[in-house]
Amino acid sequence: MRIAILGGTGDIGEGLALRWGYDTDHELVIGSREADRARAKADEYETELDSRGRDVTIEGAQNPDAAADADAVVAAVPAYHLTDTIEAVADRLDDAVLVSPAVGMQRDGDGFHYNPPSAGSVTALAADAAPEDVPVVGAFHNLAAGRLANLDADLGIDTLLVGDDSDAKSIVADLADGIEGLRPLDAGGLANAPEIEGITPLLINVAQHNDGLHDLGVRFD
């Protein structure tokens, strides 16, 4: 499949690009608001993968060009950039599945807290911004970016998928399953996104208060 990672120059985008580049044969294109930055990051990821014996070509382009002709488009941007990013590529999504890993959070003296938008969840916000015929799946919310990008780290964790289109969820599940050590689990429809997104600030708070738990993930047994 051809996967476009919008905001692929950021931490979660880097982790997904490196893992898919290392573990799969999917075509990858890194998107950014600046084409030069996207191409520079794509070259950086290629160099890292080459050092590990993987000869992978990764493209870099502005977000709209990256999204064009993609089978899956991952909006790996902060929640406050999500709507603008989706609107900028809306006419390029065609038959793609749109994937949202973003989580809304705020921080105070006690730690991080889930901060959902008025839509109810960030995944719902993505669905509202996307064209009506584009299926949206929430996934990869609770992954520690550092652990994901460290190809020496064993994952052994789960990612929870939410969405109202079962075919789209199956596609994203296959993409997630291609990453070694990452297990996709179906968590139901988009209405369940707040419960999934709310796990992320919990993990961050636990990691900050306990030694040796820096890159926490979740596993359901």
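Predicted model: local features only at pLDDT ≥ 70, side-chain atom pairs only at ≥ 80, totals over all residues.
Residues are numbered from 1 along each chain as its sequence is written, and side-chain values use heavy atoms, with hydrogens and water left out.

The protein has nine helices and 10 strands; these are DSSP runs numbered from the N terminus, helices being H or I with at least four residues and strands being E with at least two. Its radius of gyration is 16 Å, close to the 17 Å that the globule rule gives for 221 residues, so the protein is as compact as a globular protein of that length. That radius is taken over C-alpha atoms, and the globule rule is 2.2 Å times the number of residues to the power 0.38. Along the principal axes, the C-alpha trace spans about 40 × 40 × 30 Å. Of the 221 residues, 51% are buried. Here, buried means under 20% relative accessible area, exposed means over 50%, and partly exposed lies in between (1.4 Å probe, protein chains only).

We turn next to charged pairs. Side chains of opposite charge can pair when their charged atoms come close. A salt bridge is counted when a side-chain nitrogen of Lys or Arg lies within 4 Å of a carboxyl oxygen of Asp or Glu. A search of the whole structure finds 12 salt bridges.

One of them joins Asp-25 to Arg-54, with the closest N and O atoms 3.4 Å apart. Asp-25 lies in the loop between α1 (11-23) and β2 (27-32), and Arg-54 in the loop between α2 (35-50) and β3 (58-62), so this pair ties together parts that are 29 residues apart in sequence. Asp-25 counts as exposed because its relative accessibility is 70%, whereas Arg-54, at 23%, counts as partly exposed.

Asp-65 and Arg-92 form another salt bridge, in which the closest N and O atoms are 3.1 Å apart. This pair links distant parts of the chain, 27 residues apart: Asp-65 is in helix α3 (residues 63-67) and Arg-92 is in the loop between α4 and β5. Asp-65 is partly exposed, with a relative accessible area of 43%, and Arg-92 is partly exposed at 30%.

A further salt bridge connects Asp-158 with Arg-219, their closest N and O atoms being 3.2 Å apart. It links distant parts of the chain, 61 residues apart, since Asp-158 is in strand β9 (residues 157-163) and Arg-219 is in the segment after α9 (199-209). Asp-158 is buried, with a relative accessible area of 1%, while Arg-219 is partly exposed at 41%. Both residues belong to a network of salt bridges that also includes Arg-183 and Asp-221.

The surface also carries patches. Patches are made of residues with over 30% relative accessible area and no salt bridge; like charges are joined within 9 Å, and nonpolar side chains (Val, Leu, Ile, Met, Phe, Trp, Tyr) within 5 Å. Asp-69, Asp-71, Asp-91, Asp-94, Asp-95, Glu-132 and Asp-133 gather in a patch of negative charge. Asp-69 lies in the loop between α3 and β4 (72-75) and is exposed, with a relative accessible area of 62%.

A nonpolar surface patch of about 220 Å² is made by Leu-202, Val-206 and Leu-213; accessible areas come from the Shrake-Rupley method with a 1.4 Å probe. Val-206 lies in helix α9 and counts as partly exposed at 31% relative accessibility.

Asp-69 has a phi near 70°, a positive value in a residue other than glycine. Phe-140, likewise a residue other than glycine, has a positive phi near 65°. Phe-140 is placed in the loop between β8 (136-138) and α6 (145-149), and at 1% relative accessibility it counts as buried.

How values were computed: Lys, Arg positive; Asp, Glu negative; His and termini not counted. Charge placed at Lys NZ, Arg CZ, Asp CG, Glu CD.
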